[in-house]
Amino acid sequence: MKRLLSLAVFLVIVPHFQAFAGSSLPVTRSIGAPVGFAAACAKYKWLCGRTVAQELNDQAGIALLQKVNRAVNGRIVSAEDRSSSGNGDVWSLPVAGRGDCEDYALQKMKDLIEAGFPSNRLALSVVIGPHDQNHVVLIARTAGGDYVLDNLTSAVKPWRTTGYTFLATQDFQSRTGWRVTLAGPRAGEFS
């Protein structure tokens with residue numbers, strides 16, 4: 001009887017967990033890119049271009065995502081753009097080892113592309129982060145779903161487990177475009 005009950009629990013819980021952890025961010029209509037993105041696109045060809053890379057299996061892909069997330073978080077000091085670049089909100093790679101959330105995300109994207117992760121599996125995303133502030137993270141799409149690389153944690157997490165509300169995401173295929181996301185705990189406030 002215990003075996004039968006265990007099997008029943010397994011058959012009910014596992015599919016729900018897989019659907020939870022293995023899902024892609026929903027996107028709808030096109031939306032204008034965030035301020036600063038177009039200049040970054042013009043400056044960094046890898047940001048909006050497509051690179052050909054060998055597909056990684058999920059195990060190798062997740063291991064690479066974790067390695068890059070930890071490495072970038074460990075070598076960059078968090079600083080607002082005004083203090084690191086002298087300007088307002090600038091989307092750039094970190095300056096002198098300092099940067100804000102989008103700078104971390106750009107560095108992670110660059111490092112992943114250089115390590116062979118397919119560019120059409122990476123996208124920036126604007127979310128409502130801690131303290132109800134806009135925050136930028138990197139999304140990596142695997143066969144197992146979309147994962148978030150964030151400068152606020154060393155853990156690479158499925159998007160649904162971050163607690164963030166996703167507002168807009170760079171288009172995975174049309175790299176210069178952005179799409180409305182509206183997913184997460186507060187998404188209903190914006191629809």
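Where is S119 found? The legends below, all drawn from a predicted model, begin with that residue.

**View 1. S119 lies in the loop between helix 6 and strand 4 (122-128).** S119 is buried, with a relative accessible area of 0%. Leaving aside neighbours within four places in sequence, its contacts are G49, R50, T51, I113 and R175. One of these residues, G49, belongs to the loop between helix 3 (45-48) and helix 4 (58-75). The C-alpha atoms of G49 and S119 are 7.7 Å apart, although 70 residues separate the two in sequence. G49 also touches R175. With a relative accessible area of 23%, G49 is partly exposed, because buried requires a value under 20%.

**View 2. Helix 6 covers residues 101-114 and is mostly buried.** From its first C-alpha to its last, this helix of 14 residues reaches 20 Å, close to the 20 Å expected at 1.5 Å a residue. After the helix comes G116, whose phi is positive, near 100°.

**View 3. The largest nonpolar core contains 36 residues.** In soluble globular proteins, nonpolar side chains tend to be buried together. Within this core, L47, L65, L112 and L124 touch the most other members. Elements that give two or more residues to the core include helix 2, helix 3, helix 4, helix 6 and strand 4, as well as strand 5 (134-142), strand 6 (145-149) and strand 8 (165-170). The most is given by helix 6, with seven residues. A second, separate core has 11 residues, including V137, V148, Y164 and F172.

**View 4. Strand 5 pairs with strand 4 and with strand 6.** Seven of the nine residues of strand 5 are buried, so the strand is largely enclosed by the rest of the structure. Its pairing with strand 4 is antiparallel and extends over seven bridges; in one of them, V127 has H135 as its partner. Five residues lie between the strands in this hairpin, where H131 takes a positive phi near 60°. Strand 5 and strand 6 also run antiparallel, joined by five bridges. The hairpin that connects them passes through two residues, and T142 stands opposite G145 in strand 6.

**View 5. F37 and W178 belong to an aromatic cluster that also includes W91.** A pair of aromatic rings is described by the distance of the centres and the angle of the planes. The count of aromatic pairs in the model comes to five. One of them, F37 with W178, is edge-to-face, at 5.2 Å centre to centre and 85° between the planes. This pair links distant parts of the chain: F37 is in helix 2 (residues 37-43) and W178 in strand 9 (residues 178-183), 141 residues apart. F37 counts as buried at 1% relative accessibility, and W178 is likewise buried, with a relative accessible area of 1%.

**View 6. The charged end of R141 sits over the ring of F172.** It is placed 4.0 Å from the centre of that ring.

Methods:
Residues are numbered from 1 along each chain as its sequence is written. This is a predicted model: local features need pLDDT of at least 70, side-chain atom pairs count only at pLDDT 80 or more; totals for chains, interfaces and linings use all residues. Side-chain values use heavy atoms; hydrogens and water are left out. Helices (H or I, at least four residues) and strands (E, at least two) are DSSP runs, numbered from the N terminus. The expected span of a helix is 1.5 Å times one less than its number of residues. Buried means under 20% relative accessible area, exposed over 50%, partly exposed in between (1.4 Å probe, protein chains only). Rings of Phe, Tyr and Trp (its six-membered ring) pair if their centres lie within 6.5 Å; planes under 30 degrees apart count as stacked, over 60 as edge-to-face and the rest as tilted. A charge sits over a ring if NZ of Lys or CZ of Arg is within 6 Å of the ring centre and within 35 degrees of the ring normal. Contact means heavy atoms within 4.5 Å. A nonpolar core is a set of buried Ala, Val, Leu, Ile, Met, Phe, Trp, Tyr and Cys residues joined through side-chain atoms within 4.5 Å. Two strands pair if DSSP finds at least two bridges between them.
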